[in-house]
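Here are my notes for you, as promised. Have the viewer open while you read, and take the points one at a time.

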Amino acid sequence: MFYGTFRHAVDSKGRVALPAQFRRDLGGAVIAPGSENRLVIRPAAEWQDHEQHFRLTADSSAAQRLYVRHLYAGAREVEVDAQGRILLTPEHRSFARIDERAVFVGVSNVVEVVGEAVWDAEIRGLNPETFTELGDRLSRAVSAGASELA
């Protein structure tokens, strides 16, 4: 289980410290592009489950093929160096709008990584009232068996 928010500096080579709280559970993990300008780090078992949902078949649409192609093209195994850092490729940094600082966000079964400016802009718009409203809408959707917010 991953939770919490951690901000870390990115060096000129694209290396950034992986939060110590996440390291022990990320052996064999994969980092790949995710939604909303985020990179997603999935533990090995989570990545395997994710892969099962995105296998191409003879019936795959052009949109599915495009998505899967870019998902796998941007995926890399997470390698942690002796200083506890991971390398974010230039493509990863561009995709997640990461400049000098990256924000790691624990989101239950995965870790998201995003540029600090993107994260700050998002949380500025999330006040207690908005957070409560989103939580209430999500609770109603889950109770009704819906998979999306109404």
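1. Let's begin with Asp81, which is partly exposed, with a relative accessible area of 28%. Its side chain meets that of Arg85 in a salt bridge, at 2.8 Å from N to O. Please keep in mind throughout that this is a predicted model.

2. Do look at Arg7, Arg101, Glu116 and Asp120, which are linked in a network of salt bridges.

3. Arg7 forms a salt bridge with Glu116, with the closest N and O atoms 2.9 Å apart. Since Glu116 sits in helix α5 (residues 116-124) and Arg7 in strand β1, this pair ties together parts that are 109 residues apart in sequence. Arg7 also meets Asp120 in a salt bridge of 2.7 Å, N to O. Here too the pair links distant parts of the chain, with strand β1 holding Arg7 and helix α5 holding Asp120, 113 residues apart. Both Arg7, at 32% relative accessibility, and Asp120, at 23%, count as partly exposed.

4. Strand β4 deserves a careful look. Leu39 and Ile41 point one way from β4, while Val40 and Arg42 point the other way, and all are buried. β4 pairs with β3 (residues 30-33) in the antiparallel sense over four bridges, and Arg42 is the bridge partner of Val30. β4 also pairs with β8 in the antiparallel sense, over three bridges, where Val40 stands opposite Glu112.

5. In the hairpin of β3 and β4, five residues lie between the strands, and Glu36 takes a positive phi near 55°.

6. Finally, the surface. Which residues form a nonpolar patch there? They are Leu126, Phe131 and Leu134, with about 280 Å² of accessible area together. Phe131 lies in helix α6 (residues 128-143) and is exposed, with a relative accessible area of 56%.

Conventions:
Residues are numbered from 1 along each chain as its sequence is written. This is a predicted model: local features need pLDDT of at least 70, side-chain atom pairs count only at pLDDT 80 or more; totals for chains, interfaces and linings use all residues. Side-chain values use heavy atoms; hydrogens and water are left out. Buried means under 20% relative accessible area, exposed over 50%, partly exposed in between (1.4 Å probe, protein chains only). Helices (H or I, at least four residues) and strands (E, at least two) are DSSP runs, numbered from the N terminus. Two strands pair if DSSP finds at least two bridges between them. Patches are made of residues with over 30% relative accessible area and no salt bridge: like charges are joined within 9 Å, nonpolar side chains (Val, Leu, Ile, Met, Phe, Trp, Tyr) within 5 Å. Accessible areas come from the Shrake-Rupley method with a 1.4 Å probe; for residues, only the protein chains shown count as cover. A salt bridge is a side-chain nitrogen of Lys or Arg within 4 Å of a carboxyl oxygen of Asp or Glu.
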